[in-house]
Amino acid sequence: MEEMEEELKCPVCGSFYREPIILPCSHNICQACARNILVQTPESESPQSRRASGSGVSDYDYLDLDKMSLYSEADSGYGSYGGFASAPTTPCQKSPNGVRVFPPAMPPPATHLSPALASVPRNSCITCPQCHRSLILDDRGLRGFPKNRVLEGVIDRYQQSKAAALKCQLCEKAPKEATVMCEQCDVFYCDPCRLRCHPPRGPLAKHRLVPPAQGRVSRRLSPRKVSTCTDHELENHSMYCVQCKMPVCYQCLEEGKHSSHEVKALGAMWKLHKSQLSQALNGLSDRAKEAKEFLVQLRNMVQQIQENSVEFEACLVAQCDALIDALNRRKAQLLARVNKEHEHKLKVVRDQISHCTVKLRQTTGLMEYCLEVIKENDPSGFLQISDALIRRVHLTEDQWGKGTLTPRMTTDFDLSLDNSPLLQSIHQLDFVQMKTSSPVPATPILQLEECCTHNNSATLSWKQPPLSTVPAEGYILELDDGNGGQFREVYVGKETMCTVDGLHFNSTYNARIKAFNKTGVSQYSKTLVLQTSEDTDSEEQTVPFPVPSERLPLRRMSPFSSTLNLQPSFPRRSYFDFRSSPHQLSLHSSLQSLNAPVDIKKLLAVAWFAFDPGSAHSDIIFSNDNLTVTCSSYDDRVVLGKTGFSKGVHYWELTVDRYDNHPDPAFGVARNNVMKDVMLGKDDKAWAMYVDNNRSWFMHNNSHTNRTEGGITKGATIGVLLDLNRKTLTFFINDEQQGPIAFENVEGLFFPAVSLNRNVQVTLHTGLPVPDCYSSRASIA
């Protein structure tokens with residue numbers, strides 16, 4: 001019974017039907033709710049005015065009316081909502097059960113009749129809240145609709161069957177439990193609503209109030225209301241119109257619109273329709289039974305799938321564990337062989353060490369004895385033993401020359417493990433019954449445990465899904481520009497690991513991968529977010545800094561520093577070997593040919609940085625977002641840049657803002673642990689050029705070299721070019737190279753550095769291109 005409750009509720013108010021009426025579309029609605037959703041149409045839009053004027057269907061007509069008139073053959077005025085001028089301006093609301101409700105365009109006029117029976121404005125229409133089809137009301141108004149007495153009886157039986165206490169019918173929010181029922185009003189009241197709406201005075205004092213339970217019984221025992229004709233309210237229905245499919249009275253047959261229609265006895269048609277409904281319900285009942293059985297089958301499948309999944313996973317784990325155990329046993333056997341070889345090599349080498357030690361001791365003793373003999377001044381005594389000593393010395397020398405000084409054993413292990421067949425078998429391990437017919441490879445999976453960032457490089461690793469059966473011919477790796485821009489391809493190949501170099505420091509990049517074969521490409525993998533490193537403690541690390549606002553346009557112009565290197569995980573010769581290892585492939589992002597000239601500007605790694613207050617001497621004074629420095633001491637003090645470099649080409653400049661009393665500031669690069677209280681270049685941790693107003697010198701480890709004419713003044717610009725690809729350091733003054741290449745064979749991690757005293761103030765400029773003179777020479781070289 002509870003599943004039937006939605007059928008018994010009005011689509012407008014959401015409560016049980018009260019005095020339901022039947023609309024021509026066969027849907028029901030409370031008579032009071034029907035009154036609330038009436039809409040008045042203009043006179044010019046009424047069907048009568050249209051017929052009188054002979055005009056065609058207007059633009060307001062609903063799409064459903066293109067093949068039917070606003071009035072049906074039965075002249076019921078039945079159509080679809082939308083053919084009324086008030087429709088576009090009437091706001092739409094929703095009833096408690098989610099059905100669209102169109103409120104009245106104007107309030108109903110005041111009348112002394114009850115709301116259910118009050119007259120309605122002329123040319124009013126009502127829209128079914130369920131199918132949204134509309135009807136123009138005639139002069140009878142809502143009284144022209146038949147009342148659904150059967151639905152009222154079903155609702156009464158349903159409410160009587162519920163064991164819950166009767167609720168008040170007038171409570172606005174949460175209904176309270178009813179305490180009385182008025183037999184005349186046929187309404188259940190709680191105490192507050194009874195005092196407010198049914199006071200015991202006036203005409204209401206004569207009403208009989210009974211307990212709710214007694215009222216329920218009296219409702220059940222009250223005689224069934226007889227259905228009367230909507231056109232002739234005093235006549236009961238006696239016949240059934242077959243053409244209109246509705247009960248009619250005697251007067252409808254005599255003088256009404258049903259006079260020419262075929263009619264049958266009401267009781268016979270009642271039995272016939274009951275029989276037809278029962279037969280239809282039998283078919284629907286069979287379908288409902290099948291649906292219930294199907295739901296039971298699906299629920300059993302869910303349980304069976306869960307059980308089979310647990311069993312299958314356990315079997316799979318056992319099989320994989322068996323393979324791992326076999327691999328571990330073979331691993332132990334191979335390690336035993338390696339240990340055996342190790343012990344053999346050690347024994348041979350140790351035996352040779354022992355033999356050589358004995359021979360060396362004997363040789364050293366012979367040499368010392370011969371030296372003592374040479375010191376003797378007795379010629380005859382010396383000549384007696386000299387021949388024998390000479391033969392012994394030659395014999396001993398010959399013994400050392402017969403491979404004695406050649407190792408009998410090499411340090412290399414002459415063993416090579418061929419694991420390719422096993423790896424291939426592991427990759428081909430699959431479920432036979434799960435072979436897929438899809439020709440497109442599966443989406444690759446990023447291996448997060450192997451993806452990382454190092455300095456301004458990012459390493460990504462991926463693999464095919466374990467259960468993938470479609471082989472991939474290659475992969476496409478895409479990266480954005482670090483500013484949330486578009487993705488671009490940075491690697492296309494068969495390898496499953498790639499290192500991208502030359503990224504911006506302190507930037508966030510998004511990476512994704514897809515596989516391809518001859519048929520097409522797979523879906524993209526999940527996007528991986530990579531942040532370039534900020535750690536300066538370890539070698540090969542860079543420390544980024546906040547980019548000044550005035551330098552942002554330059555950064556947007558170069559979203560990638562142009563040293564974009566791709567390093568698959570297999571050994572091969574490189575086009576441009578940016579890394580020190582000869583077994584790693586480094587490709588320029590433009591994939592230039594070997595014969596193409598190298599543009600040094602394209603190899604420039606643009607880096608933005610400032611001076612580092614954390615590592616500077618305490619006498620250094622910072623300003624301008626740590627881009628300008630001076631000193632409070634007359635002695636030279638050292639300050640380093642925040643970013644360290646270990647590869648690539650880097651160029652920065654310093655402008656002299658103040659230069660008094662001809663001091664000797666020094667500019668260059670240094671290790672992180674350089675001495676901070678002496679001039680740059682005094683120790684072996686710095687490589688610098690110090691300069692006065694007339695000349696300059698290069699200095700490293702307190703060694704002064706290459707005196708060059710030409711000094712600095714206020715406003716001068718000193719450029720520092722660190723080319724770690726060529727392992728050189730070069731200096732410039734006012735865009736001209738100062739002397740030869742200052743230092744060569746510079747390797748490791750270097751930080752920009754300056755030493756100055758209180759007579760000098762300089763400002764740092766970073767992210768600059770290489771001077772043209774150096775670019776041209778590098779291209780020629």
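**Close-up views of a predicted model**

View 1. When its neighbours within four places in sequence are left aside, Gln-447 is in contact with Ser-461, Trp-462 and Lys-463. Gln-447 itself is found in the loop between β15 (445-446) and β16 (452-454), and with a relative accessibility of 14% it counts as buried. One of its contacts, Trp-462, also belongs to an aromatic cluster, which Trp-462 forms together with Tyr-475 and Tyr-491.

**View 2. The aromatic pair of Trp-687 and Phe-750.** The structure holds 10 aromatic pairs, and in the one shown here the ring centres of Trp-687 and Phe-750 are 5.3 Å apart while the ring planes stand at 80°, so the pair is edge-to-face. The pair links distant parts of the chain, since Trp-687 belongs to strand β28 (residues 686-691) and Phe-750 to the loop between β34 (743-744) and β35 (751-756), 63 residues apart. Trp-687 is buried, with a relative accessible area of 11%, and Phe-750, at 1% relative accessibility, counts as buried as well.

**View 3. The aromatic pair of Phe-698 and Phe-743.** Here the ring centres of Phe-698 and Phe-743 lie 6.1 Å apart and the planes are at 50°, so this pair is tilted. Phe-698 is placed in strand β29 (residues 695-700) and Phe-743 in strand β34, so the pair ties together parts of the chain that are 45 residues apart in sequence. Both Phe-698 and Phe-743 are buried.

**View 4. Lys-345 between a ring and a carboxyl group.** The charged end of Lys-345 sits over the ring of Phe-413, at 5.6 Å from the ring centre. Lys-345 also forms a salt bridge with Glu-341, in which the closest N and O atoms are 3.9 Å apart. Lys-345 and Glu-341 both belong to helix α7 (residues 266-374), where they are four residues apart, or about one turn of the helix. Lys-345 counts as buried at 7% relative accessibility, whereas Glu-341, at 24%, counts as partly exposed.

**View 5. The salt bridge of Arg-512 and Glu-478.** A search of the whole structure finds 16 salt bridges, among them the one between Arg-512 and Glu-478, whose closest N and O atoms are 2.9 Å apart. This pair links distant parts of the chain, with Arg-512 in strand β21 (residues 508-516) and Glu-478 in strand β18 (residues 474-479), 34 residues apart. Glu-478 has a relative accessibility of 7% and therefore counts as buried.

**View 6. A network of salt bridges around Arg-637.** The side chains of Asp-619 and Arg-637 meet in a salt bridge, with a distance of 2.9 Å from N to O. Asp-619 lies in the loop between α10 (552-557) and β23 (620-623), and Arg-637 in strand β25 (residues 637-640), so the pair ties together parts that are 18 residues apart in sequence. Asp-619 and Arg-637 are both buried, and together with Asp-635 they are linked in a network of salt bridges.

View 7. Beyond its neighbours within four places in sequence, Trp-652 is in contact with a number of residues, among them Phe-609, Phe-645, Val-669, Ile-718, Leu-722, Pro-752 and Leu-764.

**View 8. Lys-245 and Asn-626, two residues with positive phi.** Although Lys-245 is not a glycine, it has a positive phi of about 55°; Lys-245 lies in the loop between β12 (239-241) and β13 (246-248) and is exposed, with a relative accessible area of 65%. Asn-626, which is not a glycine either, has a positive phi of about 65°. The place of Asn-626 is in the loop between β23 and β24, where Asn-626 is partly exposed, with a relative accessible area of 26%.

Methods. Residues are numbered from 1 along each chain as its sequence is written. This is a predicted model: local features need pLDDT of at least 70, side-chain atom pairs count only at pLDDT 80 or more; totals for chains, interfaces and linings use all residues. Side-chain values use heavy atoms; hydrogens and water are left out. Rings of Phe, Tyr and Trp (its six-membered ring) pair if their centres lie within 6.5 Å; planes under 30 degrees apart count as stacked, over 60 as edge-to-face and the rest as tilted. Helices (H or I, at least four residues) and strands (E, at least two) are DSSP runs, numbered from the N terminus. Buried means under 20% relative accessible area, exposed over 50%, partly exposed in between (1.4 Å probe, protein chains only). A charge sits over a ring if NZ of Lys or CZ of Arg is within 6 Å of the ring centre and within 35 degrees of the ring normal. A salt bridge is a side-chain nitrogen of Lys or Arg within 4 Å of a carboxyl oxygen of Asp or Glu. Contact means heavy atoms within 4.5 Å.
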